[in-house]
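Here is a short briefing on one protein model. Look at the sequence and the fold, then work through the points by topic.

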Amino acid sequence: MLTKMTFFERFERDILSGAKTITLRDEAESHVEPGQILPVSTFEMDRWFCEIQIVDVTPVTLAELTDVHAEQENMTLAQLRNVIAEIYPGLEQLFMIRFSVLPQ
Ligand SMILES: CC(=O)Nc1cc[nH]c(=O)n1
């Protein structure tokens with residue numbers, strides 16, 4: 001079970017504003033449960049910036065990604081595909097983790 005989550009610093013603003021409400025992770029980072037509360041830090045400096053509550057976790061393949069997923073990431077679908085290819089090169093099976101940011 002994951003006990004914390006990290007995001008690249010470039011996502012912080014969208015997470016805190018509520019523009020980014022999902023994160024697509026690999027199997028290793030999919031072990032969270034609905035209702036679970038997690039501290040969130042930046043990947044680069046491990047700086048805490050919020051807490052999130054997990055809404056649900058849904059498997060999704062790269063081919064199944066749509067504009068709706070992209071919108072929940074506050075990106076275009078092309079941008080989202082590029083980000084995923086950068087982070088998880090060659091990976092087809094992803095896990096969509098929906099979350100809400102808890103008030104600080
Ligand atoms: C470290 C990090 O930010 N990892 C990821 C991976 C996929 N999506 C995402 O928002 N963040």
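How much space lies in the largest pocket? About 240 Å³. Keep in mind that this is a predicted model.

**The largest pocket**
- The lining of the largest pocket is made by 17 residues.
- Thr6, Phe8, Arg25, Ile87 and Tyr88 are the ones that lie nearest the centre of this pocket.
- β1, β2 and α3 (77-87) each supply at least two residues of the lining.
- α3 gives the most, with four residues.

**The sheet**
- Five strands form an open sheet in the order β1-β3-β4-β5-β2. The pairing is mixed.
- β1 (5-7) and β2 (22-25) stand at the edges. Each has a single partner strand, so one side of each is left without a neighbour in the sheet.
- From one strand to the next, the twist averages 45°.
- β3 (residues 37-42) pairs with β4 (residues 48-61) over five bridges, in the antiparallel sense. Here Leu38 stands opposite Ile52 in β4.
- β2 is joined to β5 (residues 93-102) by four bridges, and these two strands run antiparallel. Arg98 in β5 is the bridge partner of Ile22.

- Which residues of β2 are buried on each side? Ile22 and Leu24 are buried on one side, and Thr23 and Arg25 on the other. Both faces of β2 are therefore covered, as the cut-off for buried is under 20% relative accessible area.

**Phe7 in β1**
- Phe7 is found in strand β1.
- Is Phe7 buried or exposed? Phe7 counts as buried because its relative accessibility is 2%.
- Phe7 and Thr42 are 35 residues apart along the chain, yet 5.1 Å separates their C-alpha atoms.
- Arg25 lies over the face of Phe7, at 4.7 Å from the ring centre.

**Aromatic rings**
- A pair of aromatic rings is described by the distance of the centres and the angle of the planes.
- The whole structure holds three aromatic pairs.
- One of them is Phe8 with Phe43, an edge-to-face pair. The centres are 5.0 Å apart, with 70° between the planes.
- This pair links distant parts of the chain.
- Phe43 counts as exposed because its relative accessibility is 53%.
- Phe8, Phe11 and Phe43 form one aromatic cluster.
- Lys20 lies over the face of Phe11, at 4.6 Å from the ring centre.

**Two loop residues with positive phi**
- Most residues other than glycine have a negative phi.
- Asp46 is not a glycine, but has a positive phi of about 55°. Asp46 is found in the loop between β3 and β4. At 44% relative accessibility, Asp46 counts as partly exposed.
- Where is Asn74? Asn74 is in the loop between α2 (67-72) and α3. Asn74 is another residue other than glycine with a positive phi, near 60°. At 40% relative accessibility, Asn74 counts as partly exposed.

Note on methods
Residues are numbered from 1 along each chain as its sequence is written. This is a predicted model: local features need pLDDT of at least 70, side-chain atom pairs count only at pLDDT 80 or more; totals for chains, interfaces and linings use all residues. Side-chain values use heavy atoms; hydrogens and water are left out. Two strands pair if DSSP finds at least two bridges between them. Axes are lines fitted to C-alpha atoms, for helices over the stretch in contact, and angles run from 0 to 180 degrees between N-to-C directions. Rings of Phe, Tyr and Trp (its six-membered ring) pair if their centres lie within 6.5 Å; planes under 30 degrees apart count as stacked, over 60 as edge-to-face and the rest as tilted. Buried means under 20% relative accessible area, exposed over 50%, partly exposed in between (1.4 Å probe, protein chains only). A charge sits over a ring if NZ of Lys or CZ of Arg is within 6 Å of the ring centre and within 35 degrees of the ring normal. On a 1 Å grid over the protein atoms alone, a cavity is a set of points where a 1.4 Å probe fits but cannot get out, and a pocket is an open set with protein on both sides within 12 Å along at least five of seven lines; lining residues have an atom within 4 Å of a point. Grid points are joined across faces, edges and corners, and a volume is the space filled by probe spheres set on the points.
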